[in-house]
Amino acid sequence: MTLRIVAALAALVSALAHLRLWLDGMRDISMIGPAFMVNAIAGVVIALLLLLRRDWVPAFLVLGFGASTLGALVISSTVGLFGYHESWTGSYVWVTAIAEVVCIAAGAVLLRPVLRRA
């Protein structure tokens, strides 16, 4: 249960950081603004699912959430994403990156027993 709480908190941190950035002006950037809002909503939903359900689905979702969000950050900071280029400066970038790594790691550990059975 503790790992599910850690994963839920990490997803929530990422979601709240993306919501804050959306409110601070990212909403005005085409494609990126809507993606940030989807990320904020998805992070909250996944956090709730991690706390309410005991099957493999929330673990799979939090792993995918962390991987896709971190992947988008890396792409946007290297080659750009939908014409937007991010830089690795500012606390929000580092907070979300760390939270997403925690989502990936926690999701993988939570999925390990399921994969062993398969």
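Q: With which side chain does the side chain of aspartate 24 meet in a salt bridge?
A: This is a predicted model, in which local features need pLDDT of at least 70, side-chain atom pairs count only at pLDDT 80 or more, and totals for chains, interfaces and linings use all residues. Residues are numbered from 1 along each chain as its sequence is written, and side-chain values use heavy atoms, with hydrogens and water left out. A salt bridge is a side-chain nitrogen of Lys or Arg within 4 Å of a carboxyl oxygen of Asp or Glu. At 3.3 Å from N to O, the partner of aspartate 24 is arginine 20.

Q: Is aspartate 24 buried, partly exposed or exposed?
A: Buried means under 20% relative accessible area, exposed over 50%, and partly exposed in between (1.4 Å probe, protein chains only). Because its relative accessibility is 48%, aspartate 24 counts as partly exposed.

Q: How far apart are the closest N and O atoms of arginine 53 and aspartate 55?
A: The structure holds 2 salt bridges, and arginine 53 forms one with aspartate 55. Arginine 53 is partly exposed at 35% relative accessibility, and aspartate 55 is partly exposed at 27%. Their closest N and O atoms are apart by 2.3 Å.

Q: How far apart are the end C-alpha atoms of H1?
A: Helices (H or I, at least four residues) are DSSP runs, numbered from the N terminus. The expected span is 1.5 Å times one less than the number of residues, so the 22 residues of H1 should span 32 Å. In agreement with this, the distance between the end C-alpha atoms is 31 Å.

Technical notes
Helices (H or I, at least four residues) and strands (E, at least two) are DSSP runs, numbered from the N terminus.
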